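Open the model in your viewer and follow the stops below. Each one says what to select and what is there.

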Amino acid sequence: MTEPLVFAHRGSSYDLPEHTLAAYLRALDEGADGVECDVRLTRDGHLVCVHDRRLDRTSNGHGLVSARTLAELEALDFGSWHPGGVPADGDEVLDDSRTRLLTLDRLLGAVRDAGRPVRVLIETKHPSRYGGDVERRLVALLRRHGLAEPVPDTPVQVTVMSFSPLAVRRVRELAPALPTVLLLDVVPRWLPPGRLPFGARIAGPGIELVRARPRLLSALRAAGNQVYVWTVNEPAELDLVLAAGVDGIITDRPGRALARLGR
Ligand code: G3P
Ligand code: CA
């Protein structure tokens with residue numbers, strides 16, 4: 001059986017504040033095959049790595065991410081809410097990699113600088129609200145990094161993910177060679193049987209859905225899809241998806257998953 005790829009969900013986000021550069025560098029140090037990142041647009045059109053629509057949970061700011069400019073967001077603290085974002089006894093003074101907003105541009109630069117093959121899963125958040133702007137800006141940024149038309153043996157490989165079939169279709173139209181994941185938190189009516197719509201090559205069911213629908217993984221794979229499951233943090237969850245032979249797992253604790261895989 002092929003071993004699954006291990007992706008760090010929002011970076012090594014159990015140990016360090018999610019979506020910070022420090023969380024991603026930790027994941028790369030731990031040996032993750034790839035990283036997962038949610039992206040949103042700022043008011044002035046920059047793609048930033050933030051999960052929630054609002055700033056309140058993961059920063060000292062308030063209100064909508066989309067209502068702020070990049071400069072305004074860069075003035076906020078995105079790390080101190082998390083135990084890993086504040087110095088512990090004996091720590092050196094922390095640099096700002098645990099607290100500063102991360103742009104997708106900077107994350108792609110850091111991944112390229114890793115000097116080894118790394119996969120990047122980019123999830124576009126709330127495409128219906130942005131009316132396609134997030135996908136257009138994402139593909140333009142990937143083109144600037146030379147990542148929208150992947151060539152074989154390129155060290156950095158990007159895959160775009162969304163819960164929205166519409167977003168998957170937009171990415172497919174803008175950059176047909178980019179692999180896409182259709183994320184699933186419910187079983188859509190067209191399953192089974194089925195290849196995914198709009199050229200998505202990979203299905204991304206959540207672990208709760210996998211537990212609730214025991215035949216889902218085999219149905220997806222039998223229809224010829226690859227499968228990446230999120231968010232697989234507990235050993236029993238890992239055993240469940242390994243037994244099903246999935247292609248990728250997305251986890252907050254890549255170091256622990258890799259250890260369990262003997263890597
Ligand atoms: O990797 C997919 C997963 O991240 C989707 O859920 O809410 O963590 O973005 P969420
Ligand atoms: Ca996500």
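Where in the protein is confidence lowest, and where is it highest? Colour by pLDDT, the predictor's confidence in each residue, from 0 to 100. Helix α4 (residues 127–130) has the lowest confidence, with a mean of 67. Strand β1 (residues 5–9) has the highest, at 99. The protein averages 93, and 96% of the residues score at least 70.

This is a predicted model: local features need pLDDT of at least 70, side-chain atom pairs count only at pLDDT 80 or more, and totals for chains, interfaces and linings use all residues. Residues are numbered from 1 along each chain as its sequence is written, while chains are lettered from A and ligands numbered from 1 in the order in which they are written.

Switch to cartoon. The protein has 10 helices and 9 strands, taken as DSSP runs numbered from the N terminus (helices: H or I, at least four residues; strands: E, at least two).

Next, select ligand 1. Around ligand 1 are His9, Glu36, Asp38, His51, Glu123, Leu183, Gly204, Trp230 and Ile250; each has its C-beta atom, placed from the backbone, within 6 Å of the ligand. This shell divides into 3 nonpolar, 3 polar and 3 charged residues. Here Ala, Val, Leu, Ile, Met, Phe, Trp, Tyr, Cys and Pro count as nonpolar, Asp, Glu, Lys and Arg as charged, and the others, Gly among them, as polar. For the complex, the predictor gives an ipTM of 0.99 and a pTM of 0.96.

Finally, zoom out to the C-alpha trace. Along its principal axes the trace spans about 50 × 40 × 35 Å.
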